Amino acid sequence: GITMADQWRITSEFQVTTSGAFITSNWERNDSTGYGKIGTGMSESSGVFTFPSTGIWNVIFWTTVRPTDNTTMYAGVEYYYTTDNSSYSNVANFYGGVSTTAFFDCISASHIFDISNVSTHKLKFRATSASTCGYSGNTSETQLAATFIRLGDT
């Protein structure tokens, strides 16, 4: 069965421009009423996530985005992964289209990782946008989040 499941979220909205940005701050473990996790859980430091054990992991990300400059654009999330605790590579990209300041879009993503070394295999997320875009976040409810589920042995 599943031996580890954990969820982290962003505590406040942040803006992303065309240059994109790694999501490095305001992460917290979900603490809403009814939340439950299995196992020790993930560790996070400056937006870098460390896995607590080896295995095959499914990492699911989602957010709500909205343009803040009233233009048609896209917004997305990119997964950056390292196996040497130093050089990160973009391993997955997920995008959604957003067309006015009144319109919100949900972006969701999923990627399966083979974590064979917890000291060197790490993950971080980068928000991207074709224009200025707001990524939702809230400390009282989950709006931008990453869920980490250990599926089995490597």
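**Exercise 1. Find out which residues lie on each face of strand 11, and whether they are buried or exposed.**

Solution. Start with one side: K122, K124, R126 and T128 are all buried. Buried here means under 20% relative accessible area, exposed over 50%, and partly exposed in between (1.4 Å probe, protein chains only). Strands (E, at least two residues) and helices (H or I, at least four) are DSSP runs, numbered from the N terminus.

A word on the model: it is predicted, so local features need pLDDT of at least 70, side-chain atom pairs count only at pLDDT 80 or more, and totals for chains, interfaces and linings use all residues. Residues are numbered from 1 along each chain as its sequence is written, and side-chain values use heavy atoms, leaving out hydrogens and water.

**Exercise 2. Work out which strands pair with strand 11.**

Solution. Two strands pair if DSSP finds at least two bridges between them.
- Step one: strand 3 (residues 21–22) runs antiparallel to strand 11, joined by two bridges, and F22 stands opposite R126.
- Step two: strand 6 (residues 48–50) is also antiparallel to strand 11, over two bridges; F49 has L123 as its bridge partner.
- Step three: strand 8 (residues 73–82) is joined to strand 11 by eight bridges, again antiparallel, with T82 opposite K122.
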